[in-house]
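Biologist: Let's walk through this one together. Could you show me how to read its features, one at a time?

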Amino acid sequence: ADLVGAAFEAADATSPPSAQLPEHLDFERSPEGLADITRAAGLSVVVKDRTTWRWRVSPDDLWAGISSGVAAAGARYLAQTPDVRRAVQEHFVRLAATEAHDGLLNFASEAALVVATKPSAPLTST
């Protein structure tokens with residue numbers, strides 16, 4: 001498990017109900033899936049690709065986002081009781097201290113990337 005997931009697991013945190021879209025509204029999390037919904041929105045796909053990078057963040061900054069309710073981890077954190085929140089934070093701090101290098105955590109990140117254009121409106125004469 002990743003660092004944040006491991007902290008939740010170690011604290012016996014529960015998972016809130018899924019916020020996923022209904023299957024008929026959802027899309028595959030891939031360049032092709034993102035391109036499909038882009039086309040469905042009436043745009044012309046110019047580029048579809050996958051991009052990767054390393055995300056470097058201080059443990060304090062990452063924890064500030066989680067404890068403020070940012071993203072799925074933040075929503076999961078806020079759904080816990082105060083005792084479980086304290087336990088999650090304690091586990092996070094301990095795990096982050098072992099994984100941080102030069103004061104930063106380093107995460108591999110990946111995302112689908114689509115560049116699209118809006119078709120131009122046809123010219124009309126007056």
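Biologist: Which residues is serine 30 in contact with, leaving aside its neighbours within four places in sequence?

Modeller: Contact means heavy atoms within 4.5 Å. With the neighbours within four places in sequence left out, serine 30 is in contact with Arg50 and Ala112. Bear in mind that this is a predicted model, where local features need pLDDT of at least 70, side-chain atom pairs count only at pLDDT 80 or more, and totals for chains, interfaces and linings use all residues. Residues are numbered from 1 along each chain as its sequence is written, and side-chain values use heavy atoms, with hydrogens and water left out.

Biologist: Where does serine 30 lie, and is serine 30 buried or exposed?

Modeller: Helices (H or I, at least four residues) and strands (E, at least two) are DSSP runs, numbered from the N terminus. Serine 30 lies in the loop between α1 (3-10) and α2 (31-40). Buried means under 20% relative accessible area, exposed over 50%, and partly exposed in between (1.4 Å probe, protein chains only). Serine 30 has a relative accessible area of 7%, so it is buried. Serine 30 and proline 16 are 14 residues apart in sequence, and their C-alpha atoms are 25 Å apart in space.

Biologist: What about glutamine 80: where is it found, and what does it touch?

Modeller: Glutamine 80 is found in the loop between α4 and α5 (82-99). Not counting residues up to four places away in sequence, it touches Ala13, Thr14 and Arg85. Glutamine 80 is buried, with a relative accessible area of 7%. Serine 58 is in the loop between β1 (44-57) and α3, and is buried with a relative accessible area of 18%. Leaving aside neighbours within four places in sequence, serine 58 is in contact with Gly103 and Leu104.

Biologist: How many aromatic pairs does the structure hold?

Modeller: A pair of aromatic rings is described by the distance of the centres and the angle of the planes. Rings of Phe, Tyr and Trp (its six-membered ring) pair if their centres lie within 6.5 Å; planes under 30 degrees apart count as stacked, over 60 as edge-to-face and the rest as tilted. The structure holds three aromatic pairs. Tryptophan 63 and tyrosine 77 form an edge-to-face one, 5.0 Å centre to centre with 80 degrees between the planes.

Biologist: Why does that pair tie together parts that are 14 residues apart in sequence?

Modeller: Because tryptophan 63 lies in helix α3 (residues 59-67) and tyrosine 77 in helix α4 (residues 71-78). Tryptophan 63 is buried at 10% relative accessible area, and tyrosine 77 is buried at 9%. Ring pairs also link Trp63, Tyr77 and Phe92 into a cluster.

Biologist: Which arginine lies over the face of tyrosine 77?

Modeller: A charge sits over a ring if NZ of Lys or CZ of Arg is within 6 Å of the ring centre and within 35 degrees of the ring normal. Arginine 85 lies over the face of tyrosine 77, at 5.5 Å from the ring centre. The charged end of arginine 29 sits over the ring of phenylalanine 27, 4.1 Å from its centre.
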